Amino acid sequence: MKTSHNMDLRAWNTFGMKVSCACFVEYGTVEELEELWKMRHGMSPDGLPSPFLHIGKGSNLLFTKDFPGTVFHSDIRFISVLEGAGHQYQAGVSAAEICADLAADGKMLVEAGAGVLWDDFCLWCAERGLWGPENLSGIPGEVGAAAVQNIGAYGVEAKDIIFQVKCFDCVTGRRVAFKASECGYGYRDSMFKDSAKGRYVVTSVVFTLSSVPVPRLDYGHVKEAVNAAFETAGNHTEAGLSSMLVRNVILSIRNAKLPDPAVIGSAGSFFKNPVIPRSDYERIASVARIEHGADYEVPHYDAGSGFIKVPAAWLLDQCGLKGLVAGNAGIYEKQPLVIVNLTGNASPSEILAVEAMAVKAVYEKFGVTLHPEVEHV
Ligand SMILES: Cc1cc2nc3c(=O)[nH]c(=O)nc-3n(C[C@H](O)[C@H](O)[C@H](O)COP(=O)(O)OP(=O)(O)OC[C@H]3O[C@@H](n4cnc5c(N)ncnc54)[C@H](O)[C@@H]3O)c2cc1C
């Protein structure tokens with residue numbers, strides 16, 4: 001276990017905010033986490049300063065000021081194929097039976113520690129020809145947070161491949177495990193972010209992976225890009241399709257439109273896509289037809305019950321915000337949904353100012369309020 005005081009958090013948030021925390025604790029095992037729980041509850045002489053915050057790589061966080069309490073980080077890092085023995089997945093059914101059933105369908109369970117980098121896990125799978133997370137390749141952050149956030153990209157969400165999430169319960173001090181169906185998963189949402197926020201620390205995640213190809217290429221331009229990669233490789237048959245090829249295609253699509261946090265600080269998509277009543281959508285669509293021509297269609301998705309989801313990126317783009325520069329901060333030139341720390345020296349207040357500008361511009365033009373996807377701390 002490593003403990004530091006007055007720790008600089010610049011390396012712990014992809015926005016690169018120069019903030020600090022009173023105490024930073026990194027633990028490497030569930031047993032160490034249990035020890036920390038005792039300290040946190042005053043059962044040990046070395047109490048930890050409150051409030052408490054558990055982070056991964058800080059790629060979905062905006063630190064708005066110095067954090068006055070203790071920041072925890074998991075360094076539980078392992079990836080292993082589960083055979084069944086020594087595990088309990090479901091009451092009344094042996095783990096060996098579950099693994100045997102999955103194996104009959106070419107599937108297997110693989111467990112990864114919460115502190116494993118998400119993309120290292122994706123690479124590990126692709127290197128072994130396993131299918132499951134390839135469309136989620138390149139998403140920053142760690143395995144634990146991926147299960148909290150229900151990360152998603154190119155038609156796949158983490159919940160689609162999660163079998164079980166293993167946690168430490170900060171209320172009871174016990175270890176618990178949840179099946180994916182018990183995690184309250186929704187669009188970029190879970191009970192860990194919502195009703196049970198702060199209660200559970202994810203310690204590891206069990207995934208269902210497939211050794212039989214299960215490509216999901218129907219989203220956006222993925223199929224076209226995969227076909228182009230086939231052409232380049234001189235291989236025109238589907239038999240040449242591997243999870244590594246899909247991973248590499250996804251990485252090149254992402255690299256072309258998203259900033260690399262190692263070069264330009266950001267937290268990815270800053271705003272959620274707003275879900276608005278159909279009448280509001282019709283109003284926006286008629287204004288867009290005046291501006292762009294009678295055949296113009298505003299991008300949208302039916303969200304059910306008379307509601308429509310409109311991409312926040314489109315709304316921001318229509319306000320001319322792509323490439324905005326405001327001091328050290330701004331909006332990414334290739335993707336208006338991404339607020340960036342342009343010079344590396346932006347302060348939290350500069351990022352917040354760009355956020356406020358974007359919200360105001362969209363509200364004034366469309367009457368729609370954008371809400372941040374990125375968690376403000
Ligand atoms: C350039 C860029 C591109 C991105 N692209 C995508 C994308 O395509 N799709 C997508 O879904 N997201 C995307 N994101 C957002 C981000 O990568 C994900 O939300 C990611 O899962 C955050 O992981 P993290 O380890 O950095 O978590 P953090 O940002 O550190 O934390 C996120 C949340 O999880 C909690 N948490 C972290 N670890 C644990 C744990 N072990 N137990 C309990 N709670 C925990 C934190 O308290 C916090 O509430 C992108 C971000 C960037 C910077």
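This is a predicted model: local features need pLDDT of at least 70, side-chain atom pairs count only at pLDDT 80 or more; totals for chains, interfaces and linings use all residues.

Student: Which residue of β19 is the bridge partner of S269?

Tutor: Strand β13 covers residues 265-269 and pairs with β19. Within β19, the residue that bridges to S269 is V338.

Student: Which residue in β19 does I331 stand opposite, and how many residues lie between β18 and β19 in their hairpin?

Tutor: Strand β18, residues 329-331, also pairs with β19 in the antiparallel sense over three bridges. In that pairing, the residue of β19 opposite I331 is I339. The two strands β18 and β19 form a hairpin, and the number of residues between them is six.

Student: Are the residues on the two faces of strand β19 buried or exposed?

Tutor: Strand β19 spans residues 338-341, with V338 and V340 on one side and I339 and N341 on the other. Both faces are covered, and these four residues are all buried.

Student: What is the radius of gyration of the protein, and what does the globule rule give for 377 residues?

Tutor: The protein has nine helices and 20 strands. Its radius of gyration is close to the value from the globule rule for 377 residues, so the protein is as compact as a globular protein of that length.

Student: What percentage of the 377 residues is buried?

Tutor: The C-alpha trace spans about 65 × 55 × 40 Å along its principal axes. Of the 377 residues in the protein, the buried ones make up 38%.

Note on methods. Residues are numbered from 1 along each chain as its sequence is written. A residue is buried if 20 or more other C-beta atoms lie within 10 Å of its own, exposed if 12 or fewer, and partly exposed in between; C-beta atoms are placed from the backbone. Two strands pair if DSSP finds at least two bridges between them. The radius of gyration is taken over C-alpha atoms; the globule rule is 2.2 Å times the number of residues to the power 0.38.
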